[in-house]
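Trainee: I would like to learn how to read the features of a model. Can we go through it together, step by step?

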Amino acid sequence: DLYCEAKCDCLTGYYGVDCAINEVEFTQRISLRSQLLTTYSDFLKFKPINLNTLEDIISTSSLICTMIDELNANAVDNVLVSVSAALSIGRIIYPPASHFQDLMEIINSLYRVCDRSSAARA
């Protein structure tokens, strides 16, 4: 499995890659990240359609996806809005193929978030 990764199994009430975040702080982080992504998605509506905007979307979305445990459904939706905007820009300006590979990595990260959520509900 290309996406296999080791992950700590935290004690009840603790979260994060090193299990050092308590439940209150973890919930706050998820909420803050979701709010930031909503604001970022709204901000994208006013950005020009050019290579710099595309690269900004890729960079920001990649950074956000490094903490996939802190993404809720709203955050995932907002990253998908960003990816959709990037793909729309890509259809207009024809960026290097590597940009589309970066977007695929972001989509794969989001898939892992959704896959984990589905497994947790099962």
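Trainee: Is Phe43 buried, exposed or partly exposed?

Mentor: This is a predicted model. Phe43 has a relative accessible area of 42%, so it counts as partly exposed. Buried would need a value under 20%. Tyr40 is buried, because its relative accessible area is 13%.

Trainee: Where do Tyr40 and Phe43 lie?

Mentor: An α-helix has 3.6 residues a turn, so residues three or four places apart point the same way. Tyr40 and Phe43 are both in helix H1, three residues apart, or about one turn of the helix.

Trainee: How many aromatic pairs does the structure hold?

Mentor: Two. Such a pair is described by the distance of the ring centres and the angle of the planes. For Tyr15 and Phe26, the centres are 4.4 Å apart and the planes are at 10 degrees, so this pair is stacked. Tyr15 sits in strand S1 and Phe26 in helix H1, 11 residues apart, and the pair links distant parts of the chain. For Tyr40 and Phe43, the centres are 6.5 Å apart and the planes are at 35 degrees, so that pair is tilted.

Trainee: Which residues of H2 are buried?

Mentor: Thr53, Leu54, Ile57, Ile58, Ser61 and Ile64. They cover an arc of only 135 degrees around the axis, so they are on the same side of H2. The face turned away from that buried side carries the exposed residues Asn52 and Leu63.

Trainee: What happens at the start of H2?

Mentor: There, a side-chain oxygen of Asn50 comes to within 3.1 Å of the backbone nitrogen of Asn52.

How values were computed: Residues numbered from 1 in each chain as written. Predicted model: local features only at pLDDT ≥ 70, side-chain atom pairs only at ≥ 80, totals over all residues. Heavy atoms only, no water. Buried < 20%, exposed > 50% of the residue type's maximum accessible area, 1.4 Å probe, protein only. Helix = DSSP H or I, 4+ residues; strand = E, 2+ residues; numbered from the N terminus. Arc of directions from axis to C-beta. Polar contact = N/O pair within 3.5 Å; in protein donor to acceptor, adjacent residues only side chain to side chain. Phe/Tyr/Trp six-rings, centres within 6.5 Å; stacked < 30°, edge-to-face > 60°.
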